[in-house]
Each structure stands twice: as C-alpha cells, then as structure tokens.
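Subject: Structure handover and notes

Hello,

Here is the structure I said I would pass on. Please open it first, and then read the notes below with it on screen.

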Amino acid sequence: MDNFQPVLRFIMNQKATIGYSFMALLTIGGERIFSMVSFQCPCNRNQNFAYGLTFLLGPAAVLLVMGLFFSTGLWRLYTGCCLDATKLCPRGNCFGCLRALISILTGACAAPVMWLSVALLNGTFYECAISGLSENFVVELFCKNKTVTCQQELARVPCDRTRLSKDERMELLLMFRAQSQILGWCIIIVAAFGGLVGTCCKNCRSKVSFLQLTFWKRYVEKEKASFDSFAMDYAEKLAKRNLKSFFENKEPEPFSFPSHKAWEEISAHYTFSRSEQCYSTLQQYVERDRDFPPEKRPVMDPDHGIEML
C-alpha cells in the first residue's frame with residue numbers, strides 16, 4: 001500500500017486538473033453523439049438558423065443550469081434570503097456578495113464553455129445555423145462573385161442535396177468550418193486569459209500567503225468530507241434514538257443538538273479576517289466562548305455575527 005501513496009498524493013494534488021480533463025472528454029463524447037445520432041440539419045432557409053443555434057446553445061444552457069443547481073456555494077448564499085435579505089449583503093457588504101456570485105457563476109460556466117468550444121471546433125452546428133441566415137451581408141460574404149444559384153442553394157449546402165457543383169459546395173463548407181473553428185479558438189483563448197487574469201487579481205489581493213492559502217483549501221476539503229461522514233453517523237444515532245423511544249413507548253434519551261442559529265452561523269460564507277486566523281465558519285463558531293450547551297444557548301448579539309463574503 002505504501003507504494004501507491006505517491007500516486008494517490010499526485011491524484012489528490014491534481015484532482016482539479018483531472019476533473020476538468022474528464023469533463024472535457026465527456027463534452028467531446030457528448031458532442032460527437034449529438035452530431036452523429038440526433039442532429040439532422042433540415043437544410044431549409046426558414047429552419048436552419050433556429051435548428052443549428054438550438055443544438056449549439058441549448059446544451060450549453062442546460063450545462064450552465066446544472067452547474068448552478070449543483071453549486072453548494074450558491075445554495076449556502078441563497079438559502080433563506082427571501083425571509084432575511086440581509087443574508088445576501090450582511091452589514092451592507094454587497095460587494096462581497098457580488099464577488100461570491102461571480103465566483104459561483106464562473107465555476108458553473110466551465111462546462112458550457114467547453115461545450116461551445118468543442119461544438120464550434122467541430123463546425124457541424126455552426127454550418128447549419130449560418131447557412132440559414134438570409135441577411136444580405138451573410139449572402140454576399142459567402143456568395144460574393146458567384147452565381148445566383150449560390151444564393152438560392154446556400155441553405156442546402158450542409159446537406160448533399162444542392163445543385164451546386166461538388167467543388168463549390170466543398171468551398172462553402174470549408175468557409176463555414178473555418179469561421180466556426182475561429183470562433184471556437186476565440187472562446188478558448190478568451191476563457192484561458194480570463195481565467196489567468198482573474199486568478200492573478202484574486203491572488204494579488206489575497207490577505208494570506210500562497211502556502212497558507214493552499215492549506216486553507218486543503219482544510220476546507222477535509223472539513224467537508226469529515227462533516228459528511230460525521231453528519232451521517234450523527235443522523236443515524238438520532239434516528240436510532242427516536243425509533244427506540246417510539247417502539248419502547250418511553251421518553252427519549254437526552255440528545256445534544258445545535259440550535260437553528262448555530263446552523264445558520266456555520267452555513268455562512270467565510271474568508272480570512274485580519275483580526276483572527278480561522279479557516280471556516282465552523283472553526284470560528286467552535287472557538288468562540290460559549291457558556292451554554294448548544295441546545296440552551298441564548299440568541300447571539302448581532303454585533304458578534306459572522307463575517308461573510
């Protein structure tokens with residue numbers, strides 16, 4: 001087992017890169033399946049644009065929604081804000097809330113950007129969509145110095161049902177594909193440079209050093225994994241205690257449990273504070289002086305609330 005420790009350590013250190021690589025492979029596979037199995041360009045001037053654009057942007061929109069839906073950070077920030085709007089902007093810190101939302105949205109955009117990049121590099125969906133545009137500038141762009149037949153048959157070019165010669169059709173297809181691939185590479189370049197600039201700005205404004213920031217990330221991962229395991233065990237104990245009380249028809253045994261206020265405090269977003277060195281709202285909560293058991297704690301003074309993003 002000791003021989004596998006370096007491999008496991010490498011996988012843990014590079015799991016973000018491995019995860020994005022796996023996501024890219026799934027995106028490429030999904031795009032190929034869509035292209036070969038379900039996509040059939042209607043080759044009709046009135047339908048090509050809507051049909052091609054639907055296959056190009058539809059899956060990207062679904063992936064964006066799924067990324068937001070499975071974002072733990074979004075639900076930590078959003079849950080309960082309709083009843084208490086101050087959760088979004090605690091102490092008037094709306095800029096911190098905006099930064100959190102941008103970070104969540106950026107993470108959710110990874111899969112849609114991959115889909116758009118792969119789909120545009122392949123060019124199938126773009127060919128169908130662009131051939132259905134009847135605007136003069138599009139027709140003149142592709143059929144400049146060509147016969148009137150090119151303008152009439154442009155929508156049929158993605159299919160092999162056009163009156164154009166084989167060479168003319170192939171020339172138009174190559175133009176469609178070239179434009180599609182240029183757009184795909186533009187998205188990749190913008191995303192890469194945007195990610196680099198965003199990371200540089202974030203690290204430049206960091207209140208802690210690089211190694212401490214690395215430790216913080218490791219701690220957050222370990223705390224989440226331990227929380228899931230501990231919550232599972234604690235929930236099982238509570239369930240057994242309640243079932244025992246029900247079936248034996250007697251008073252339940254005393255069972256310590258955090259208050260609603262405590263749950264809200266540890267669910268808040270957190271970043272490092274200059275005045276204290278804590279790595280999460282959970283650590284900030286447990287290291288605070290408390291004179292009462294969790295189930296009997298009084299309501300905390302609002303002046304000593306949690307510092308959120």
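Is the crossing of helix 3 and helix 6 left-handed or right-handed? The crossing of these two helices is right-handed. A crossing is called left-handed if the near helix is turned anticlockwise from the far one by less than a right angle, and right-handed if clockwise.

Before the rest, two notes on the source. This is a predicted model, in which local features need pLDDT of at least 70 and side-chain atom pairs count only at pLDDT 80 or more, while totals for chains, interfaces and linings use all residues. Residues are numbered from 1 along each chain as its sequence is written, and side-chain values use heavy atoms, with hydrogens and water left out.

The chain as a whole

The protein chain has 13 helices and zero strands. Helices (H or I, at least four residues) and strands (E, at least two) are DSSP runs, numbered from the N terminus. Of the 309 residues, 28% count as buried. Buried means under 20% relative accessible area, exposed means over 50%, and partly exposed lies in between, with a 1.4 Å probe and protein chains only. Among contacts between residues at least 6 apart in sequence, 64% join residues at least 24 apart. Contact here means heavy atoms within 4.5 Å.

Two packed helices are described by the angle between their axes and the distance between the axes. The axes are lines fitted to C-alpha atoms, for helices over the stretch in contact, and the angles run from 0 to 180 degrees between N-to-C directions. Angles under 35 degrees count as roughly parallel, over 145 as roughly antiparallel, 65 to 115 as roughly perpendicular, and the rest as oblique.

Start with helix 3 (residues 48-69) and helix 6 (residues 110-122), whose axes come within 8 Å and cross at roughly 160°. Helix 3 and helix 6 are therefore roughly antiparallel to each other. On the helix 3 side, the residues that meet helix 6 are Phe55, Leu56, Leu57, Pro59, Ala60, Leu63 and Leu64. Their partners in helix 6 are Ala111, Pro112, Trp115, Leu116, Ala119 and Leu120. By class, this contact has 13 nonpolar, no polar and no charged residues. Ala, Val, Leu, Ile, Met, Phe, Trp, Tyr, Cys and Pro count as nonpolar, Asp, Glu, Lys and Arg as charged, and the others, Gly among them, as polar.

Helix 3 also packs with helix 7: their axes come within 6 Å and cross at roughly 150°. This pair is therefore roughly antiparallel, and the crossing is left-handed. Asn48, Phe49, Tyr51, Gly52, Leu53, Phe55 and Leu56 in helix 3 meet Phe125, Cys128, Ala129 and Ser131 in helix 7. The contact of helix 3 with helix 7 has eight nonpolar, three polar and no charged residues.

Helix 6 and helix 7 pack at an angle of about 70°, with their axes 5 Å apart, and are therefore roughly perpendicular to each other. Trp115, Ala119, Leu120 and Asn122 in helix 6 meet Thr124, Phe125 and Tyr126 in helix 7. These residues divide into five nonpolar, two polar and no charged.

Why is helix 7 described as largely enclosed by the rest of the structure? Seven of the eight residues of helix 7 (residues 124-131) are buried, so the label follows from that count. The buried ones are Phe125, Tyr126, Glu127, Cys128, Ala129, Ile130 and Ser131.

Residues in the loops

Cys43 is in the loop between helix 2 (15-38) and helix 3. Cys43 has a positive phi of about 55° although it is not a glycine, and it is buried, with a relative accessible area of 6%.

Arg45 is also placed in the loop between helix 2 and helix 3. At 27% relative accessibility, Arg45 counts as partly exposed. Leaving aside neighbours within four places in sequence, Arg45 is in contact with Gly132, Leu133, Ser134, Gln151, Gln152, Leu154 and Ala155. Arg45 and Arg156 are 111 residues apart in sequence and 8.1 Å apart in space, C-alpha to C-alpha.

Asn249 lies in the loop between helix 11 (210-248) and helix 12. Its phi is near 55°, a positive value in a residue other than glycine, and Asn249 is exposed, with a relative accessible area of 71%.

Regards
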